[in-house]
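Visitor: Could you walk me through this one? I'd like to go spot by spot.

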Amino acid sequence: MKVKIASIKKSRYEDIPGIRTTIFFQDCNVKCRGCHNERIQDIRYGKEHEVKDLCEKILAYNLPVKKITISGGEPMMQKEALEEFINELVQEEF
């Protein structure tokens, strides 16, 4: 399965306490007033990844920290890919 990702940021601490990798999913239908990330609202943009390849990339980034933040856009706009991504991480004993 493929997923559209706006960006992946390593070694972040801005999103939540602790150092982690943040994955910004592409696409959002909420269109919040004053959105600071309008560029990632449109699914036509972003980079397409195979979910398994994305998991491998995230696992390689995160060792030994093993913390991620899933952000967006709105990750639930790609619900099936998000579920597969999370399941893949769990299978890899993330």
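Visitor: In which strand is S11 found?
Guide: This is a predicted model, where local features need pLDDT of at least 70, side-chain atom pairs count only at pLDDT 80 or more, and totals for chains, interfaces and linings use all residues. Residues are numbered from 1 along each chain as its sequence is written, and side-chain values use heavy atoms, with hydrogens and water left out. S11 isn't a glycine, yet its phi is positive, about 55°. Strands are DSSP runs of E with at least two residues, helices runs of H or I with at least four, numbered from the N terminus, and S11 is found in β1.

Visitor: Is H49 buried or exposed?
Guide: H49 lies in strand β3, residues 47-50. Buried means under 20% relative accessible area, exposed over 50%, and partly exposed in between, using a 1.4 Å probe and protein chains only. H49 has 9% relative accessibility, so it counts as buried.

Visitor: What is omega for the peptide bond from G72 to G73?
Guide: G73 sits in the loop between β4 (68-71) and α2. The bond from G72 to G73 is cis, with omega near 25°.
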